[in-house]
Protein chains: 2
Amino acid sequence: MPAFAVVTSDIIAQLQSIAGVEQVSIAQADLALRARDQSHHAAHPGDVVVWPQTGQQVADILRLANACRIPVTPWGMGTSLEGNPIPLYGGILLSLERMTRIVAVHADDFQVTVEPGIGHKDLNAALARHGLFFGPDPGANASIGGMLANNAAGIRTVKYGASKDNVLQMRVALADGRLIRVGSRSVKQSAGYDLLHLFVGSEGTLGVITEATLKLYPIVEHMGAALAAFDSVADAVQAVVAIRGSGLDPAALEFMDAAHATMLREAEGVNLSDHATLFMEFHTPNAQALETGLSLVGSICEELGAVSFRATTDPAERRRLWHARHASYEISVRKYPDQQFYLGDVAVPISAYPALVQYIEQVRTDYGVPLYLIGHAGDGNIHVELPYATDEEYARCVKINGLIVRQAQDLGGTATGEHGVGIGKARHMRDEHGEALDVMYDIKRLLDPNGILNPGKIFPGHDE
Amino acid sequence: MPAFAVVTSDIIAQLQSIAGVEQVSIAQADLALRARDQSHHAAHPGDVVVWPQTGQQVADILRLANACRIPVTPWGMGTSLEGNPIPLYGGILLSLERMTRIVAVHADDFQVTVEPGIGHKDLNAALARHGLFFGPDPGANASIGGMLANNAAGIRTVKYGASKDNVLQMRVALADGRLIRVGSRSVKQSAGYDLLHLFVGSEGTLGVITEATLKLYPIVEHMGAALAAFDSVADAVQAVVAIRGSGLDPAALEFMDAAHATMLREAEGVNLSDHATLFMEFHTPNAQALETGLSLVGSICEELGAVSFRATTDPAERRRLWHARHASYEISVRKYPDQQFYLGDVAVPISAYPALVQYIEQVRTDYGVPLYLIGHAGDGNIHVELPYATDEEYARCVKINGLIVRQAQDLGGTATGEHGVGIGKARHMRDEHGEALDVMYDIKRLLDPNGILNPGKIFPGHDE
């Protein structure tokens with residue numbers, strides 16, 4: 001890790017000169033509010049918060065920080081789940097909270113150009129009048145910049161893709177103060193290296209996204225939902241494969257293990273049985289396609305041994321069917337009021353899903369701990385949720401999660417499907433990437449030779 | 001451009017030692033067959049052809065070439081359209097023609113792992129028994145490695161995406177002889193930098209793809225086609241926007257200008273009128289959805305002033321409707337027997353398509369040359385086809401294409417939607433990328449410091 005300089009009053013004056021006096025704060029409350037995200041990782045404050053208002057200001061701040069060797073950690077909404085925006089080495093907390101403009105709606109192109117600080121829910125509310133929406137939905141009102149920087153995904157990725165699939169062009173500020181444009185508003189691009197996707201998912205370690213042009217979809221008029229329960233995970237996953245193979249193109253295909261269903265069904269408004277459960281959603285251009293599709297899904301689930309199947313096209317009933325899934329985290333938190341949750345995020349090829357779930361269930365048995373499974377089965381992504389209270393329990397969570405990560409990697413999968421590497425997954429990157437990790441690190445040094453950009457993420461200990 | 005060494009008999013002996021005596025040739029016929037692709041660019045032979053049979057052999061060849069400063073140009077099927085695999089500086093022609101194995105079919109994952117030399121048509125023939133297919137279809141039987149290296153696309157990209165959207169994991173040999181794995185078989189990936197997409201579209205200038213795991217789709221059972229003619233390009237494009245906005249998700253949405261329709265309709269089996277024409281294809285999971293969809297498309301086209309509309313779900317009739325589109329290049333070539341065709345490949349946001357077409361039509365009028373327009377309207381991609389015979393006519397093609405590229409860039413688009421930069425588009429990269437081109441070049445130097453990988457492509461003259 002390079003040696004960093006401290007934030008002096010002279011630096012603060014220069015930041016004020018770049019962004020304006022009102023856009024710089026060293027108030028304890030401002031720093032503390034941006035010292036941790038929604039993950040289990042410990043808080044660490046920055047030394048100064050800056051709220052730039054233009055891409056040029058972001059670039060100028062980076063140029064200053066680079067010249068003075070001050071760490072810079074970008075911040076969006078703080079909703080990430082792997083410590084990604086925690087300013088581990090202090091320095092400048094670069095908050096994009098005041099860059100929330102919709103720069104242009106290109107309705108005929110199904111595109112919108114935005115500043116990075118806007119929340120995706122806020123964006124979708126504004127886009128509704130155009131009959132369009134941004135597909136990826138990680139749940140919380142994450143900022144678009146944060147979603148792109150972490151390649152966030154969510155429950156609708158099986159149909160609409162992850163963040164990386166829904167961006168065409170960005171402006172990115174580099175450590176040396178250059179402000180470049182990557183990608184194009186053309187949906188087809190074959191003109192040189194794909195720098196766009198190099199910055200997407202780089203978690204603020206290669207540059208800071210100052211503007212993004214996103215792909216949009218026409219708002220769906222016909223939505224249906226279904227819920228199916230199975231005796232075994234293997235049966236449930238066979239249904240997932242068959243539903244995808246039928247060409248039905250589900251908009252969500254979520255899995256919950258029997259233990260989680262059992263835990264949730266005691267909560268109000270939840271109607272689940274003690275079985276591995278699939279939650280499904282379908283979006284179609286017309287009502288008839290929806291009816292036909294739901295009927296076909298019912299046949300598939302029945303044929304694959306579903307012990308129950310319910311489907312609906314009624315919006316209120318759809319919300320009731322999905323309530324247990326949408327409220328699962330809140331219900332879990334209420335169930336364990338004095339504990340925090342350690343969250344995993346592995347993903348595997350769908351064919352390995354039963355083996356992965358079986359392994360995790362075995363680990364649960366071996367360690368005798370509460371452990372819940374919920375995940376985006378359509379994408380092979382699963383989150384383990386482990387309640388903990390003490391340091392000892394936390395250490396055990398780390399150990400259990402390490403075992404699960406290793407198993408996922410051995411099954412051809414990844415340590416992180418959508419939360420990013422952040423702080424917690426860095427230790428797994430060598431196993432995951434082998435020599436490719438050295439190429440990543442070479443690119444990091446190329447674009448950020450002084451290591452000022454979000455230090456402590458993705459590569460800590462690389463040189464050890 | 002770095003100074004290269006010549007291919008000596010010692011080098012040839014070392015190549016034979018790596019790949020086997022049978023896999024190395026300096027025969028004139030072997031060199032001449034791989035001296036040019038299907039573009040208008042002039043032929044240039046390599047000094048030796050090598051057909052490696054494993055990824056490790058590819059890596060060993062690169063290590064040798066790097067140590068000895070010998071240029072290496074990867075070769076797949078030679079179907080590219082911008083001179084991408086022409087060995088401009090001689091040296092080693094690295095042919096992947098003997099690496100055509102299907103390594104593994106992961107049917108439940110809708111994935112296949114292949115060696116780079118297999119043709120995508122050959123791959124799809126082999127996958128049919130599994131009920132699966134690889135989506136991108138550039139027309140010719142391009143190799144998978146070549147498609148990935150150029151990010152090839154084609155007529156079905158509007159539904160199935162370009163090559164970059166259909167690859168999950170690759171093995172890549174680097175200039176220094178390392179053989180790395182990039183990406184993962186997990187469809188969700190958020191673990192560090194996206195090296196996968198850095199190599200996709202890099203045209204063999206950063207490394208050589210030795211294996212790829214591709215995404216597949218279930219074979220479509222219900223296909224329909226439609227053909228609509230419009231008085232103006234603007235009307236046709238409005239229909240394109242409306243059809244995409246309806247959520248109908250066409251599998252192909254092709255445009256042909258009135259001049260091209262007129263030229264083609266004299267050929268046998270073609271039934272076109274002298275109008276801007278849209279060719280459409282729809283893939284649905286059931287017959288009812290197809291009927292409903294085609295009827296909706298008919299209403300949309302009628303409402304937007306189509307002068308004619310034909311639709312069908314019958315396979316034979318579908319082929320008849322599409323014959324003019326599929327055979328357009330062959331018909332054009334027969335129409336100009338003693339000439340070659342200069343091919344353009346610009347792409348713009350769809351809203352700019354009418355302005356782009358209008359500009360191109362004006363250029364055609366100004367220069368008084370035959371110029372035909374055909375393109376993937378659903379993606380905003382258009383190809384100009386310019387017949388030429390003499391050097392003077394060729395120079396005029398270059399000039400006209402340069403004007404069109406500049407206009408596309410000014411409209412927020414790109415010099416190349418799917419053919420890649422190759423030889424012909426390098427001169428437009430500075431205008432297209434600005435300072436981002438320097439970042440690309442820095443990455444090139446990082447991964448290929450001696451400039452041995454496919455020299456003369458993407459960056460020629462960068463240092464001038």
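This is a predicted model: local features need pLDDT of at least 70, side-chain atom pairs count only at pLDDT 80 or more; totals for chains, interfaces and linings use all residues.
**Domains of chain A**

| Domain of chain A | Residues |
|---|---|
| domain 1 | 102–218 |
| domain 2 | 222–330 |
| domain 3 | 336–433 |

Take domain 1 of chain A and domain 3 of chain A: going by C-alpha atoms, their centres are 28 Å apart. The two are in contact, with 10 residues coming from domain 1 of chain A and eight residues from domain 3 of chain A. What sort of residues does domain 1 of chain A bring to the side that touches domain 3 of chain A? That side has five nonpolar residues, four polar ones and one charged one.

**A hairpin in chain A**

Now look at strand S5 (residues 102–106) of chain A and strand S6 (residues 111–114) of chain A. They run antiparallel and are joined by four bridges. To find one of these pairings, pick Ile102(A): its bridge partner in S6(A) is Val114(A). S5(A) and S6(A) make a hairpin, and four residues sit between the strands. In that turn you'll find Phe110(A), which has a positive phi of about 55°.

**Two helices in chain B**

Over in chain B, helix H13 (residues 353–367) packs with helix H14 (residues 391–410). Their axes are 10 Å apart, and the angle between the two helices is about 155°. Angles over 145 degrees count as roughly antiparallel, so H13(B) is roughly antiparallel to H14(B). The crossing of H13(B) and H14(B) is right-handed.

Which residues meet here? From H13(B) come Leu356(B), Tyr359(B), Ile360(B), Val363(B) and Tyr367(B). On the H14(B) side they meet Arg396(B), Ile400(B), Leu403(B), Ile404(B), Gln407(B) and Ala408(B). Sorted by class, this contact of H13(B) with H14(B) has nine nonpolar residues, one polar and one charged.

**Where chain A touches chain B**

Finally, the two chains. In this contact, 76 residues of chain A meet 76 residues of chain B. Several elements of chain A each give at least two residues to the side that touches chain B, among them strand S9 (179–183), helix H8 (233–245) and helix H10 (287–303). Which element of chain A supplies the largest share of that side? H16(A) does, with six residues; this helix covers 436–447. By class, the side of chain A that touches chain B divides into 30 nonpolar, 31 polar and 15 charged residues.

Notes: Residues are numbered from 1 along each chain as its sequence is written. Chains are lettered from A and ligands numbered from 1 in the order in which they are written. Domain bounds come from an automatic or database domain assignment. Two residues are in contact if their C-beta atoms, placed from the backbone, lie within 7 Å. Ala, Val, Leu, Ile, Met, Phe, Trp, Tyr, Cys and Pro count as nonpolar, Asp, Glu, Lys and Arg as charged, and the others, Gly among them, as polar. Two strands pair if DSSP finds at least two bridges between them. Axes are lines fitted to C-alpha atoms, for helices over the stretch in contact, and angles run from 0 to 180 degrees between N-to-C directions. Angles under 35 degrees count as roughly parallel, over 145 as roughly antiparallel, 65 to 115 as roughly perpendicular and the rest as oblique. A crossing is left-handed if the near helix is turned anticlockwise from the far one by less than a right angle, and right-handed if clockwise.
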